[in-house]
Amino acid sequence: MDLTPQMQDIVRQLIEAVRITLDPTVPHQVRLETYNHLEKVKEDIDLVLGCGFHLAAQENEAVVRHLGLQLLEHAIKYKWNNLSVDQKMYIKNNTMQLIKSGMLDLLSEQNYVKDKVSRLVVEMMKREWPQQWPELLSELHQLSRQGPTQTELVLFVFLRIAEDVATLQNLESNQRRRDLYQAMTTNMESIFGFFLSLLEDSYCQYQTVRDQPGLEHQFNQHGRVIQVVLMTLSVYVEWVSVQHIFSNEGKLLQSLCILLQEDNLRMNAAECLLQIVSRKGKGEERRPLLLLFGEAPMKAIFAAADKAFIGNLTEHNYRFLKTLTQVLTALGGQLCALWGKEPGVEEPSNLRTYMDAMLALTRHQSLHIYNFTNALWGQLFRHDLISKSPELTAVLPTWIATVSQKVMKHGYPSKNDSESCQYSRLDFDSDEEYSHFFYKVRSETLEIIKHASLLDPFTMYSFAEDRLQKQLNKSCDTGSSTESRLYNQFSPFFLEWDALAKVVESIMSRVMVQGKGKWKPPAESGINLLQLCLAYQTTDPLILSALLSCISGLFVFIQLSPNILSEVLNKIFSALTFSLPGQKKDSRSRTVKNVRRHGAVLMTQIVRDYLEIWLEKFYLIVLWAYSLSRDPFLNKIQKVTLQEALVLISNHYNIYEKQSAFIGKVVHPVSEIWLNMRQAFSSPREFMSFVGLDKPPVEPSENDVNGQNRAQVIFCVNLMLAVIKRSERPSDPEIAERGGFVLERTAAGTLECRNPATPHIMPLLHQLFCLVRLFNGLWHDDSLKSISTGYAKAHSMTEAERNDVLGLTPSSSVDQSIDVPKVQQPLERMQYFLLMVHDNCYHILGNAGPSLGLEFYQYPHLAEYIVHSALTNLDLIPDYRLRPVIRIFLKPFIQACPPSCHQALLLPVLNHLTSYMVERLSKRWDHLTSLIESGTYEEENTNTEEMMEDMLIRMLTREYIDLIQFVIPGPVWDLIDKTDSLYYGITIVMVKITNSEGSQSRDGALVFGKVICNQVNHGPLKALWWCDSSACLKAVGGVSVVLRWLVEEGQQHLSPAAVRQIMMAVLQGLHAHGQHEANQSTLTTLGLMTYELFYPHFPQLREVLQELPGVKEDDIAQFEEKLKIHPKIQQ
């Protein structure tokens, strides 16, 4: 169509407009005006049809052609239904002509131009095919015969339509998408046959012109066509029927295996093959995949892998090897899924060859490639039949020797200490990213080692024994105990020890827990290994820490030879007191602190796991512990750990008076110190003065008198927590009754037992509540103004807390190769003190309920203590200090509370907490919602502090809803006194709770009825529409439980306004979170349940649906008819 002069001017203006938009020197206002002009042109269909194809002509620049194609695409997508038949035919014919003769050579044409041309056909297909355009496929086939350029464009059409219809499913109309899907499925034999014939023909021509002088261009053209065929097939093989993939005796698979040998085509072939072997579905559909275990396919895949394995390290070669590794591991996964579950699927004849190949890939220096194979080994070891295969057992020694090196911590991108570093630089952007992935892979590897140890304990133990003996025979010490000659985190010798320790622990944790008839290590061998480790001497803290890990793994042999216990204790106690010459208590290096900490942990671990063998030496251990406690170089935490171990041992006496007397001795020194702090805990100002919060920081720390006071507070709190957590009652009722632990027997016949720590801990609780109360009082303005300038940020979140909230991996600027003491600044010490004491106080209260039991819940005026201490001044404390109150204290406190204490204890606590929490959360969410609605949310959220506040309110909301879930368990409703209607009225929106003096409930369950109903309105019901999809999901469960009860037992007390508000809340939730599939599903179910349950009793509920935009009366009638519900006639 010839252009009029006016249209020619418009075309020139549009070409100029494209150049303006791409010119970086053009002023912003001019560019904006140009964009607006282009948008106006899009809306004028006559201009689009008049200029579009002229702009797309091949003589124009690529960006100009792209504009013309974009205008035409916009017309098809948004104006198609308004076009006349002639206009539609004009676009169709010219588009096909453009493909036929209006494009540059496929090697010269820009990809974005090709994509736009194919998009024109795809968009027309979405609207016309197959009903109005039945001859489309034949037209495309004819176009593909015109040459490689047209073939590529036709393939792009098939690729994009498959993506939109089957893969991405991004069509607005589901019905139209189903029509297209059905049409593609109906014609799939023809379509897939077209792909396969095109692949075969192109490859034949590719081979024909290979290396022929003067035919390089044709060679590259055919290669490009093959690449696009493979790209298109990769999309189709995900969802087409398997009969097409495996037709002609698996010709496609054969072709892909052949193409793996071609350097230019192998990547696309591997990606297509990966899509095929990763298919899910029924077993009989996937069974043909095992054809790839045939000799010819395996030979081709292994040859391609070998070539890539020994090839130069280039990004292309490495990416291909990773993809091919995924193909092989996915194929192994298919074997695991089919072997033993599908009839006729047995061990492949070349399974050993396959496993040898996997071992070779396991040895590869890339952590990513190793990770792919690691997952497969886990599947093989866990498989019921494959794990028993002699072929797998045969490769186990080689496998464990290989993976034991993979847990060695090297290969960082910034280092050059391993061949894997060069691969890490291709895969990771930073050492932190690598470290995060490495620890994940190592953790999975150690779990798989444990499974392998159950499979073949002899092989695994023999390996650990041999490696450990060889390592112990190596020389360790550098010849000097000075810090300058010590190993660092990257020293090869330490890395060997660290990796070996992890492997030994994993193997030993499984080889001694074999079932009856299974091989177990000889006792003499295990004891010999343990003695060798105990005799090994080193002054290097890193090596000593790794040695302690090996000893920890060998603890399983202690019970076979209790005589070795003294030597083990000597080694642990020497670690507890380990130090380097010249280091003082406050100048210890990180590694020395880690050794001492490791020794303390081992002490607790060995006592916890092997209690029986400790009783004979209990008093000897007590003497050692008290002797160590007087060591001035032992810090408070290590002293607490020693006492914790002693309490654990005392639990095995199972005699109340004996255990209680011993705990009294443990607690007595702390009790005196604790009670002497009464004045310091009397008010926030006194406490601030006592710990030095209102005084300037003091350096060095040994001159800080108030620092010693802080240490005493931490010591007391930690020891109280250790005693409460570790002191136990016998779990066996008979043993408890014989030992004098029984406090009372309930009406149901169950025993209420007492904890031997109770008489010694209960007198300390009053002062603990005082401490908790003043911690909240520290947030008063008067207290904040009294803080010293040097401690102005003492109440701020620590770096560890911030990283935890934001989900960040802590980064360290300290060079790990240099072990220097970490000197805390006074502000850091104060922050650590306030955080530790605050959280541990709530840990004490949270553990007191489950540990101390009924005696704790019967503590006089406990409800008042809690309300006036932990729950006072909540409006002053920030979210990050309120979270521990709910998560650490209240959740276990409520969960362990006996029914007899519900009425007197839980009711006042929950009434006080919930009324405040709903108000607090509502205000916070209203503020956040206003930011979102005003459009400033994203802008503010780029600030780290804004992100922190956002995350904290979300976490607090979820934890509060979790707390409410403990209050509304389903069985509780069966215990509620249904006759007392005063407790089930409806308040402003949903539930109105009215008190009635003298009202009683069975087993105290009435407390839940009074509080729960109120909270469905005030808590979870509101959470349905708060801007947090996770909180919404949590809330749905609680709301549904209460709604069912209200309909079954309490519907006579509901008002139409209350029911309306419930339905509105669900609809608001759908409006806020309907874009999330999980939320949409659960909220839709809740909405259907609400309407179905309440509509028969409250026909006014229909009005809520009538008020929804776009909802007609007929729609509601059909909806109700499907639900088969009708309003009941009111008598």
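**Whole chain**

The model is predicted. The protein chain holds 51 helices and 2 strands. Along the principal axes, its C-alpha atoms fill a box of roughly 105 × 90 × 65 Å. The chain has 1131 residues, and 53% of them count as buried.

Contacts can be sorted by sequence separation. Among those with a separation of 6 or more, 76% join residues 24 or more positions apart.

Charges come next. The protein chain carries 108 positive and 127 negative charges.

**A helix pair**

Two packed helices are described by the angle between their axes and the distance between the axes. Helix α25 spans residues 523-535, and helix α27 spans residues 565-576. Their axes come within 10 Å. The crossing angle is roughly 35°. In hand, the crossing of α25 and α27 is left-handed. On the α25 side, the contact is made by L530, Q531, C533 and L534. On the α27 side, E567, V568 and K571 make the contact.

S234 and Q831 both sit in helices: S234 in α11, Q831 in α38. The table sets out their places and accessibilities.

| Residue | Helix | Helix residues | Relative accessibility |
|---|---|---|---|
| S234 | α11 | 216-236 | 13% |
| Q831 | α38 | 826-852 | 13% |

Why does S234 count as buried? Its relative accessibility is 13%, and buried means under 20%. The reasoning for Q831 runs likewise: Q831 counts as buried because its relative accessibility is 13%, under the 20% cut-off.

Which residues does S234 touch, not counting residues up to four places away in sequence? They are N268, E271, C272 and Q275. M184 gives a further reference point for S234. The two are 50 residues apart in sequence. From C-alpha to C-alpha, S234 and M184 are 16 Å apart in space.

Q831 has its own set of partners. Leaving aside neighbours within four places in sequence, Q831 is in contact with K793, A794, S796, M797 and T798.

Technical notes:
Residues are numbered from 1 along each chain as its sequence is written. This is a predicted model: local features need pLDDT of at least 70, side-chain atom pairs count only at pLDDT 80 or more; totals for chains, interfaces and linings use all residues. Side-chain values use heavy atoms; hydrogens and water are left out. Helices (H or I, at least four residues) and strands (E, at least two) are DSSP runs, numbered from the N terminus. Buried means under 20% relative accessible area, exposed over 50%, partly exposed in between (1.4 Å probe, protein chains only). Contact means heavy atoms within 4.5 Å. Lys and Arg count as positive and Asp and Glu as negative; His and the chain ends are not counted. The place of a charge is taken as NZ of Lys, CZ of Arg, CG of Asp or CD of Glu. Axes are lines fitted to C-alpha atoms, for helices over the stretch in contact, and angles run from 0 to 180 degrees between N-to-C directions. A crossing is left-handed if the near helix is turned anticlockwise from the far one by less than a right angle, and right-handed if clockwise.
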